[in-house]
Structure formats: structure tokens, C-alpha cells
Amino acid sequence: MQDHLQFYIDGQWVNPVSPRSLDVINPSSEQAIARISMGSAADVDKAVAAARRAFESYSRTSREERLALLAKVLEVYQRRYGDFVQTISQEMGAPLWLSKAAQAAMGVAHLGSTIEVLKNFAFEQVQGSTAVVHEPVGVVGMITPWNWPINQIMCKVAPALAAGCTMVLKPSEVAPLNALLVAEVLHEAGVPPGVFNLVNGDGPGVGEAMSSHPGIDMMTFTGSTRAGIAVAKAAADSVKRVAQELGGKSANIVLDDANLQKAVTQGVQAVLMNSGQSCNAPTRMFVPRALHGQAVEIARSVAAAATVADALAEGMHMGPVVSEAQWGKIQALIRKGIEEGATLVAGGTGRPEGLTRGYFVKPTVFADVSNDMTIAREEIFGPVLVMIPYDDEEDAIRMANDTVYGLSGYVQSGSLERARRVAARLRTGMVHLNGAGPDFNAPFGGYKQSGNGREWGEHGFRDFLETKAVMGYGAV
């Protein structure tokens, strides 16, 4: 058990104003592995003051200076890569293979992408006699979740650094240790004091103080829609910019000309990835009614073949979900699916066989689901797939869009042209065609209650910039 009881403010590790601690739990063992301090509004005040002081000088640094700084951050991050892999697996339950191949790798990807964007970005354009100038938005408050922690931190921190912003980060108190490693990396890389600040804590104690703080110019939040609404309300009085990446209940439309075996197998595996704890997971699978029985048998076999084990175990497997609270929520929704009459194809309530402790969930598949059932409406955020039969393409599109969310969508078809036509009608911020993976240069974000603003690549970079028009800048 390690104590990490200080915050990183103004380039130093400092004690909290009012000491209060919280245990960090390993979800595989249910044992405490560390203690952190829980911050308060007074700690936020200190961090914001440091960020405002630093903004005066850091906002005036050159493109070349920021490029050199980001390159150094990337170098130090890569040297500490193994520390991130181990830490993420221990505190949020991603298996070692996933932490190494994807979770920790997201930090490298976002730093590299941001460096390329910064190299070529046009901060100033002259239109006639007017200059349109892009400047850093100011002090940015960042609230990040536990499910893809480094991804969410670095896709905010990297572009903010590149834009010339200063920042205050509140990582999830459930999985905060990786964020402390980020602070160590930035410090070693030579990020100037006050440019990056970290205060641990919960939403009521720190998140609300950040969102309502008059010294913060922008809030960027990733998490649940419920919490995102609270951030936006708290930010409204100071009219600060709010960028949000929130929940999802993404549709995966398997068309009748798709390779059914491949499409269903990939769809189930995508839901089980990261124990289902991904906001863009394809958790609603729409299959033609005539093919529903075949698709169900494929899904059953894929789920049954999945193994579940301790996050620190070697090999390809699924780890636990992050916490007891999350485990309990998932169990309640699985029971709800059974009560509402969905057909339980695989998995169900309780831990997988042979596991007596840890927040492990059985890979679960429901069939014969109607789009109005609770398990088709609510974001379960666990390894639970719902399979919904449809009559024709129009029926599938209608049901796919019949949700308060709009983060991502998936379309499987033997015809790329047909897949594109369906994608054009989905009210989502992203669509993956025929198993296409993520693109770190493409905008990441959603429609409707899945948020506003975009992250990743140039679109994410632009969210950290203000636009200024300077008339009379050039000769007429």
C-alpha cells in the first residue's frame, strides 16, 4: 500500500489544504493498493492561481518551443511506458495485454498526433485587410474518467500544451495513479511550473469547484451524461466554454449482405473489450430477423469462449470491471433484462465460475431484445450485448437512431457503397464501417446527449483555441 497524498501545483508536490484520504482499490483483488488525498475548493483555488500566473508567459511561447516540449514529453513517456502498463492494470482492471497494446499506447498516439497537428497548423490567416488569429483559450479545467484513463488525459493535455494553454486536471478518484505518473512525466520533461496542475478529488469536492471557478476559461469533461450536465450547469454562470464527451449506446447494424460469422464475432469481441467499459462500444447489435437465430448462436459461442481472469495474469482474457459500484449496477441491469423478457443467451448474474472475489462479470449476451427495453436504452458499461432483430434496413436505421445518445455507430455490409448510405443516416458523431478501427487524426465525439465539441487530431486541437479578428491588419 502506497501513499500518494500530495497534489502537483505550480511545479511542486504540495500537501492538501484540508487532509482527507481515499483508498484506491485493485478491482481484481478488492484490496487497497494506495491512498490518495481528496482535494477541496481551496486546493482548486491554489491550482487555478498557479495556472493563471503561468498563462501569461506560456501562452506567448513559440510553435518551435512547444514542439520541443512535446517531443520531450513523448520521450519521457515512452521511457516510463512499463510503469503506465502496470499501474493501469492494477487500478482499473485492464488486462496486461490490453494495457500494453492499447491503454498505455493511447498516450503515445495522442502525443504523436498532436505534434504533427502543431507542426502545420495555421495560427494566422490574412483575409483582405483582416487577420484571423487563433490564440490559446486560457486556463483549462479537465475532468477525466477511469475507463480509458491515459487516453482521456492525454487527448486533453497534449493539445492544450500545444495550443499554449495552462491547465488543472482532476482525474477520476477511482483510478488516479496513472495521472500522478503523467505529472511526473511532465515535470521531468520540463513543463514550466503552473502550466500543468493536478488536484485529486471527487465531483462535489473538486469538479464542481473547477466548473464554477471564474479563473477557469474552459472546462473539458469526459464521463457520464449525468455528470456532464452538472458540469455544464456549474459552468453556466461564468459563461466558460464547455466541451463534453459523454455516454453512448452505440448501434451495430449487421446488414443482410454482411459476412454474418465475421460481423457478429467482431461485434461481440468489441463489447467484451475493456470489460465493456467503453463509451463507444457497439452494445446494441441489430440483425435481420431472418438471420437472428444464426447470429445468436455465433454470439453465444464467442461469449462462451471468452476467459475472465485477474488483470495481472498473462495471456488474452477479460479483466474485472472497475469497482464494486460498477459491478452492482451491471448486475442490476442484467437482472432487469431477464425480468423484462429478453432471452439470456450467455452469461448472467454473479461472478464467472471459479472466481470468488474481484469485480468480475460474466460475458453476457441477450437476444430477442426490443429497442424499448431498459437494457437497450441505458448505458450498462459492462460486457453485456443486446441483440435486436429488425425487419428491413429502414427499420434498423429507425431503431438505431431511437436513443438519447449519438456517440458512435457501426455498419457491416458486403457492399461498401451500401454501408456508406446507411452511415449517412445515423445521427452519431462517428461511424465505423466493416470493422474499421479508430483514427487518431479523426474527430472523436458525439451528437445529442453524447456531448459536444470534439477530441483527437486537428478538431480536438481547435477546441483549445479562441478566434480573434484583427481588422486593418494588412494593406487594402
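Residues are numbered from 1 along each chain as its sequence is written, and side-chain values use heavy atoms, without hydrogens or water. Because the model is predicted, local features need pLDDT of at least 70 and side-chain atom pairs count only at pLDDT 80 or more, while totals for chains, interfaces and linings use all residues.

Helices (H or I, at least four residues) and strands (E, at least two) are DSSP runs, numbered from the N terminus. Two strands pair if DSSP finds at least two bridges between them. An open sheet of three strands has the order 6-7-23, and its pairing is antiparallel. Strand 6 (124-127) and strand 23 (465-470) stand at the edges with a single partner strand each, so one side of each has no neighbour in the sheet. Four bridges join strand 6 to strand 7 (residues 130-136). In strand 7, Val133 is the bridge partner of Glu124.

A nonpolar core is a set of buried Ala, Val, Leu, Ile, Met, Phe, Trp, Tyr and Cys residues joined through side-chain atoms within 4.5 Å. Buried means under 20% relative accessible area, exposed means over 50%, and partly exposed lies in between (1.4 Å probe, protein chains only). The largest nonpolar core has 76 residues; Phe196 is one of those that touch the most other members. Helix 6 (residues 149-163) gives this core its largest share, 10 residues. Apart from it lies another core of 30 residues, including Val369 and Ile380.

Helix 7 (residues 177-189) has 13 residues. Of these, 10 are buried, so the helix is largely enclosed by the rest of the structure. Among them are Leu177, Asn178 and Val182. Just after helix 7, Gly190 takes a positive phi of about 95°.

A salt bridge is a side-chain nitrogen of Lys or Arg within 4 Å of a carboxyl oxygen of Asp or Glu. By this rule there are 24 salt bridges. Arg52 and Asp217 form one of them (3.1 Å, N to O). Arg52 lies in helix 1 (residues 41-58) and Asp217 in a loop, so the pair ties together parts 165 residues apart in sequence. Arg52 is partly exposed, at 33% relative accessibility. Asp391 and Arg289 also meet in a salt bridge (2.7 Å, N to O). This pair links loops in distant parts of the chain, 102 residues apart. Asp391 is exposed, at 57%, whereas Arg289 is partly exposed, at 46%.

Technical notes:
The expected span of a helix is 1.5 Å times one less than its number of residues.
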